Amino acid sequence: MSVWDTIGKANATQGGTPFAPGTRGVCTVLALREKTSSEGKGEILILEAAIETSEKKSDKYLTNVSKNEQADVLTQKPGTEVSSVYMLTQHKAAPGAAKAMLLAVVGENESSLTPEAWQKIVELAKHDNGALLKGTKVGFDVYTKETKVRKITIHPVKFTHIEQTDEEIEANAKRYTK
């Protein structure tokens, strides 16, 4: 089964490796990379992005939900390259989180998603490490959550679609061409 088959069979959820905890803002997609872990942890999808805007949701964020431990929120400067790593085989929620991220990038809704539309999204994402999605801006919101089983505090990212024209996406992609 491919990375895309694993994601396609999942229900869209939000999660993954966060940007700066306690922040929200806008980022630009730079790449989508699929890998197989060299440590035997299975399939991985990596969203690479650049921060456009980052703002504090509050002055502090929880580092440990159970103990109510907090730290200062730090924003990221525009142009900071960040990534969200989806360990598709290792973490049960990862395929759904990756699907939700992809749907936000392309502006699709899971409730109206057809198999044909999903296949087009997969083709966009797979082509040359997501090059056809490069330049797409998405909103992000990093929130705090405690995992159900291991009771570990994590900071997943919820992505939201931003309406853009193809011309705007293309112009934005050129800003990040090295």
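## Overall fold

Helices (H or I, at least four residues) and strands (E, at least two) are DSSP runs, numbered from the N terminus. In this predicted model, the elements run α-β-β-β-β-β-α-α-β-β-β-β-α from the N terminus on. That gives the chain four helices and nine strands. The radius of gyration is 16 Å, close to the 16 Å that the globule rule gives for 178 residues, so the chain is as compact as a globular protein of that length. The radius is taken over C-alpha atoms, and the rule is 2.2 Å times the number of residues to the power 0.38.

Along the principal axes, the C-alpha atoms fill a box of roughly 45 × 35 × 35 Å. Contact means heavy atoms within 4.5 Å. Among contacts between residues at least 6 apart in sequence, 69% join residues at least 24 apart.

## Surface and charge

Buried means under 20% relative accessible area, exposed over 50%, and partly exposed in between (1.4 Å probe, protein chains only). Of the 178 residues, 41% count as buried. The chain exposes about 9900 Å², and carbon and sulfur atoms supply 49% of that. Areas come from the Shrake-Rupley method with a 1.4 Å probe; for residues, only the protein chains shown count as cover.

There are 24 positive and 23 negative side chains. Lys and Arg count as positive, Asp and Glu as negative; His and the chain ends are not counted. The centres of the two sets lie 7 Å apart, with each charge placed at NZ of Lys, CZ of Arg, CG of Asp or CD of Glu.

## Helix α4

Helix α4 spans residues 166–175. Its residues Ile169, Asn172 and Ala173 are buried. They cover an arc of only 105° around the axis, which puts them on the same side of α4. The arc is that of the directions from the helix axis to the C-beta atoms. Glu167 and Lys174 sit on the other side of α4 and are exposed.

The cover over the buried residues of α4 includes β1 (23–36), β2 and β6 (137–142).

## Ile46 in strand β2

Ile46 belongs to strand β2 (residues 43–56). Ile46 counts as buried because its relative accessibility is 13%. Leaving out residues up to four places away in sequence, Ile46 touches Ala31, Leu32, Arg33, Lys35, Ser83, Ser84 and Val85. Ser83 is 37 residues from Ile46 along the chain, yet their C-alpha atoms are separated by 6.5 Å.

## Basis of the values

Residues are numbered from 1 along each chain as its sequence is written, and side-chain values use heavy atoms, with hydrogens and water left out. Local features need pLDDT of at least 70, side-chain atom pairs count only at pLDDT 80 or more, and totals for chains, interfaces and linings use all residues.
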